[in-house]
Amino acid sequence: MTAYLLKRLLIGIATLAVASIVVFSMLEIVPGDPARLMLGMNATPDAVQALRDQMGLDQPVIVRYFEWIGGLLTLDFGKSYTYSVPVLDLVTERVVVSLPLALIALALSTLIAIPVGIFSAERRGRAADTISMGAAQIGVAVPNFWFALLLIYIFAVWLRLVPAGGFPGWSAGIWPALKALILPAIALALPQAAILARVTRSAMLEVLGEDYIRTARAKGMPRRTVLWRHALRNAMIPVLTILGLQFAFLLAGTIIIENVFYLPGLGRLIFQAITQRDLIVVESVVMLLVAMVVVVNLLVDLSYAIVDPRLRTNR
Amino acid sequence: MTMPAAEPTNSQEAGFVAQALRNRSFLIGFVITVFIAGMALLSFFWTPYDVTKLIVADRMLPPSATHLFGTDQFGRDVLSMIMVGARSSIAVALVAVGIGMGLGVPLGCWAAARGGIVDDLLMRFNDVVFAFPALLSAIIITAILGPSATNAVIAIGIFNIPVFARVARAGALAIWPREFILAARAAGKNRTQITVEHILPNIANLLLVQGTIQFALGILAEAGLSYVGLGVQPPMPSWGRMLFDAQTRMMVAPYLALIPGFAIVFTVLGLNLLGDGISDIIDPKLRRQR
Amino acid sequence: MSLLEIENLTLSIGKTPILKNIDLTLSAGEVMGLVGESGSGKSMTALTIMRLLPQAAHAQGKVRFDGIDILAATEDQMCALRGDDIGMVFQEPMTALNPVKTIGEQVAEGIRWHTGANRAEAEERARKILDRVGLPEAKFPLSRYPHELSGGQRQRVVIAIACALKPKLLIADEPTTALDVVLQAQILDLLRDLVDENRMALLLISHDLAVVTEMADRITILRNGEVMEEGDTARTLSEQSHPYTRQLALASMHVPARRPFSPLEGEMSPKATERVGAGGTAHGPSTAEVTPSGRSAAISPSRGERTPLLVVENVTRDYPGRRTSLFRKPEPVRAVNDVSFAMKQGQSTALVGRSGCGKSTLARMILALDKPTDGAIRFMGETLTGKDEAQLKPARRNMQVVFQDPYGSFNPRHKVERLVAEPLHVLERQPEAGERREMVARALHEVGLKPADMDKYPHEFSGGQRQRLSIARAIITRPKLVVADEPVSALDVSIRAQILDLFADLNQRLGVAYLFITHDLSVARAITDEVMVMHEGKIVERGRTGEVLDNPQSEAGKALVAATPDLRRAIARRLQEQG
C-alpha cells in the first residue's frame, strides 16, 4: 500500500513538474516586455532596464525558471505587474471564493448522482429508471453557463430568492456568502451530476452481472441486500475515476460560471490578468489550479486503495 | 454452461443496419444529428436573412411569422444566426475530434503495441494533459496567441488527444493478448501490420462511440469558450456568443437566451443519443471481448 | 420420499426453449451426475432449482425440494432455502468471489444471515469450515482476500460458502472444469468427503463422463434440453442402451486410428525410444531424471545424421516478478528452467503438465513469439533466438500454430479466405489472388470444410468447425511442425474426437510433426508418439507415450496420471464395487 501510494505521489509530483515547464515555457514565448508593461508606455528606457534588472528578467531562462519554482514552493509568487501587490495576496483573496464553489458543487453533484444512479440500477428498465436516465441524458447536454442563466432568470429575476450575482465576501457572514454561491454551485453541479449518475448506474449494472453477485445470491441474501453489501463497493471503483476527472472540469467550470455570476474568484482574476497581460498572475493561477487537480487525483488514488484490496498488496 | 452459446451474428453491415433501425436512441440521435448538420450545410447557400446585415429598426423583435425566432439587438434574424452558428459549432468540434483522433489513436496504439517505457511515458503524458481541462489550456493558448476560433479548436483538440489515446490503448490492450493476434504473429506479421490489420478494425467501434461523445463535448466546450470571448469572434455568429449577448437583455428578451441554449442542448443530446445507440448495438461484441 | 423431485420441467428464456419435460429425482445422501454437452441445459436446470434464473426465463412444471414447491415459493422462502438447505458451487473460481471482501467475511456472511449468529460465532464457524475444506487458519487467515489465493484455493472457499451450513442438497456446476487434473482430483475428493460426512445429496453437473462416473451413483444424460437416459451410473454406461449414451461414451474413450510414428527408413526401430536430446545431435540435457533408465534401447547418435526438426537447448525464461517493495528489485519468476529436447521430422510429441508449469511459455518461445532469457532454439538447423521478424520468415513457413480457443483465434472482422491465408504472408513469393483462393480452398478441403466456406465470417461456424479453420490456417504453408496449445480442451467430447481424428489424419498424410501442449493425458495418448512431462519449468520425464502414461517414473508424472479420470477404469471400478 505504501509502495502504491508513494508511486502515485511521485507521479503527482512529476505531473506538476512537467506542467510547470509547460506553463513557464508557453508564457516565455509571449511577446511583450513585462517591465515596460508595468511602468507604462512613457517610462524611460533606463527605468525599464532598472526594473528588468530588479525582476531578474535578463537572467538565463533556466535560472528564472528555478527562481519561479523556488518562489512557488516558498509561497512567494512574485508581484503582479499591474496591481503591484504580491500575487499571493491576490490569489488567496480569490481562492476563498473559487475553491468553496468547486467543493460545494462537487458535493452536490455526488450527493445527487450516486443515489440516483443506484436507484436507477436497482429498478432497471422500470419507469423510475427510464425517467431518471432520460433526465440525465438531457442534463448531460445542458451547458452549465446557460443553465446558470436560466437559474438567474427564475430564482433571482423572477422569484427574487437569491442575488443575481456578486459576492458579499465571507466577512459579511457565512449565510449571505453561501447564498451567493448556491445558484452558481447548482449550475455547476447538475450537468456533472447527470454524467456521474449515468456512470454510477452502468457501473452498478456491470457489477450486478458478475459471478460473485450470483455467489452471494446463492448464500440466500435478497437482491437488495446483495446490491448494498457486494455490488456497491465494487461499483465505486469506476465512479471514483470519474469523480477525480470531474473535479478538474468543475474547477475549469468555475472560471466560466464566475463570469456569469460576477463572482470575484480565480476565474475572473485570470481573465483580467490576460486582458492586462499580467503574465505572472496567469502563471501562478494556472499552476495553482493544476496543483489542485493533482491533489484531488491523489485523494482519488488513496480512496482506490481503500476500496480495492488488490491495490494494497499488488505492486 | 461450459461454452459460450451461439453468438449473435452482428458483425456485418446488414446486421448493423437492421439493429440500428430497431434502436430508439440511435434513430432519434441520427435524425437530430442529420438535421443539425443539414441546417449547417444549408446555411452556406441560403438563410432566411443575411446575418451580416444590421437593421437597427428591426432590433429585438420577438418571435413572429416574419422572424420565427425573433431578432437580436442589431436587428439580425436569430434563426439565420442559429443556422450559421451551427457551422462554427460543428466545425470547431469536428476539427477538434480530428486532432484528437489523428494524434491520440496512433499514440494509444503505439503504446499498446510497444508496452514498457513507451506505454508508461504515454500514460504520464495523459496525466499531465488531464490536469489541464480544455478551458484552462484554451486560456493559456489565448493568453499567448490571442482569442480566435482556431485557438479554441487547438485547445479542445489538445484535450482530445489523451482521451482518444486512452480509449485506443485500452481497446488495443484488450485485443493484443487474444489468440488471433498470436496467430498473426506466428504468421510473421510485425507490430505495425498487426495494428493496422487486426487492432484498428476491432477498436473502430469504440473509437466511433468516443468520437460522438467528444464531438458533443466539443460543441459544449466551443459554446463555453465563445461565451467568455475566447472562441469564435464576432461578427461571426456563434451559439455561445449569442448567449453572452443575451445575458444582459434577459429581462426584455428572454427568447434571445432560450433559443441558442435549446440549439446547444438539442445538438448535444442528439449526438449523445447517437453514441449511446451505437454502443448499444455493438455492446454484445464488446462484452464478448472481455 | 425423495429430497428433490423435478417433474415435467419446461423452461424457456424469452422465446427460446431451453428445457423440455425434464424429470429428475434425488434422494438424501445420493450423488447424481447431470451430464451433457454445451447448450444441453445442465446449468439452467441447476439455476431453476436455485430460482436464480435470468429475468426473461419462464419455467413450468413441478420442482419440489424437501416438500416445498420451488416454482411457487415466494422470494423470501427461496432466500431461506438458498445457502442454508441448498448450497451451490460454480464453475469459475477466479470470478466467483467478491474481490473487495475477505474470505472470512464471505464465508461468515451466509452463516450470520441464516443463523443470526453474532460476528464472533460466525467467524468461528467460518474458521472451522475453511479448515475443513483444506484452508487452515494458520496459513489462510480469515483476513485473506480472494486475489491472494490460487484458483484451486478459491474453489475451496466457494465450497466452504456452499457447505457452511451443511445443506441437504449441494449443487456443483462444473466445479473442476477451470482447474487442472491434479486440482480436479483434489476438489472432487473434497466434495465426496463432505457429501459423505454430512449425508448431503449432490447434484454434480459436468461435461466429463469420467468425472461423473467416478463420483455419481446415478446419472442423467441431457441433450438439447431433454433427458436422454437416466439410471444407475455403472449400468447405464456399461450397457449403453441409448444411442446417445453410446455416442458420448465412445467419443469420451475415442482414440484415433493412426500408425505409430515410424521415422524415415532405418533410422530407428519402431519400438525404440530415443534418448532425451538425441536424434541427431550429440547435445542433450545431462539431468539424470529425464532419462528413465532401462525404458528402451537408445539409438546411437551417429545413426541420425539428418538434421532434427527442432532442437531446444538449455532454454530458460524469466519473468519480472511482483515488486514487494518500491526500493527492492523484484525477484524474477522462472517460468521455464533449463529445458532441452529435440524433435524429429514427422514425430508427434506431447508436452503435458499442470497449469502454470511453463508449457505454454515454452511453446511460445519455440514459435518465436517470446524470447528465451537464456539458451537457444534451433529449427531445421537454423537458430531462431535473437533473429528479427524478417529473418524469421523462412522458419515461420515451416512452423505454425493452433490455439485452444476456437472463438478467440480469429479476427471477427475478416472473412475466412483472408484468415486462412494469413500465413501465406511468409512465403517468398506472394501468390496471386486466384492462386491464393486455390490454396485456401485446398486447405479447407483438407480439414473437411467446403471451399465455399471461404466467403463466410468466423462467427458463422460452430466451435468444432472453427477449430478446423484453425488447422487449415496452420497447414496452408505446408509446415513441418505444428504447435498445438490445448487444441481440443474447449470442445465437447464428440467434436473433440473428430478433431483428434483430423490431427491424426493430417499427420499421416502430410507428415507434419506436432508439439501438442495439453493437460489432458487422454489427448496425449490419443495422438502422440512421445510424451514430455513438465513440472515447475523443467522437463522431468520423457519417453514413449504409452510407457510414460502406463508407468510414470517422476513424481509429477505419477500425480498427473493418478489424477486423470479415465472412463473405462471408472466404469470397471464401479461395476466391481457393486459386485
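# Reading contacts, helices and strands in a predicted model

In this predicted model, 35 residues of chain A are in contact with 31 residues of chain B.

User: What makes a residue of chain A count as being in contact with chain B, and which helices supply the side of chain A that touches chain B?

Analyst: Two residues are in contact if their C-beta atoms lie within 7 Å, and 35 residues of chain A are in contact with residues of chain B. At least two residues of that side come from each of α1, α6, α7, α10, α11 and α12 of chain A. By class, the side of chain A that touches chain B holds 32 nonpolar, three polar and no charged residues.

User: How do you know what kind of secondary structure chain B has?

Analyst: The count for chain B is 10 helices and zero strands, and read along the sequence the pattern is α-α-α-α-α-α-α-α-α-α. Of the 290 residues in chain B, 52% are buried, and the C-alpha atoms fill a box of roughly 75 × 45 × 30 Å along the principal axes.

User: Why are α6(B) and α8(B) called roughly antiparallel?

Analyst: Helix α6 (residues 149-175) and helix α8 (residues 191-227) of chain B pack at an angle of about 155°, with their axes 9 Å apart. Angles over 145 degrees count as roughly antiparallel, and therefore α6(B) and α8(B) are given that name. Their crossing is right-handed. Among the residues that make the contact are Ile156(B) and Phe164(B) of α6(B) and Leu206(B) and Leu225(B) of α8(B), and by class the contact has 14 nonpolar, seven polar and one charged residues.

User: Why is strand β19 of chain C described as largely enclosed by the rest of the structure?

Analyst: A residue is buried if 20 or more other C-beta atoms lie within 10 Å of its own. Six of the six residues of β19(C), residues 530-535, are buried, so the strand is largely enclosed by the rest of the structure. Glu530(C), Met532(C) and Met534(C) point one way, while Val531(C), Val533(C) and His535(C) point the other way, and all are buried.

User: What makes β19(C) and β20(C) a pair of strands, and which other strand pairs with β19(C)?

Analyst: Two strands pair if there are at least two bridges between them; β19(C) and β20(C), residues 538-544, have six bridges, in the antiparallel sense, with Val531(C) opposite Gly543(C). Strand β13 of chain C, residues 349-352, also pairs with β19(C), in the parallel sense over four bridges, and there Leu351(C) has Met532(C) as its bridge partner. The hairpin of β19(C) and β20(C) has two residues between the strands, and in it Glu536(C) takes a positive phi near 45°.

Note on methods. Residues numbered from 1 in each chain as written. Chains lettered and ligands numbered in written order. Predicted model: local features only at pLDDT ≥ 70, side-chain atom pairs only at ≥ 80, totals over all residues. Buried ≥ 20, exposed ≤ 12 C-beta atoms within 10 Å, placed from the backbone. Nonpolar A, V, L, I, M, F, W, Y, C, P; charged D, E, K, R; others polar. Axes fitted to C-alpha atoms, helices over the stretch in contact; angles between N-to-C directions. Parallel < 35°, antiparallel > 145°, perpendicular 65-115°, else oblique. Left-handed = near helix turned anticlockwise from the far one by under 90°.
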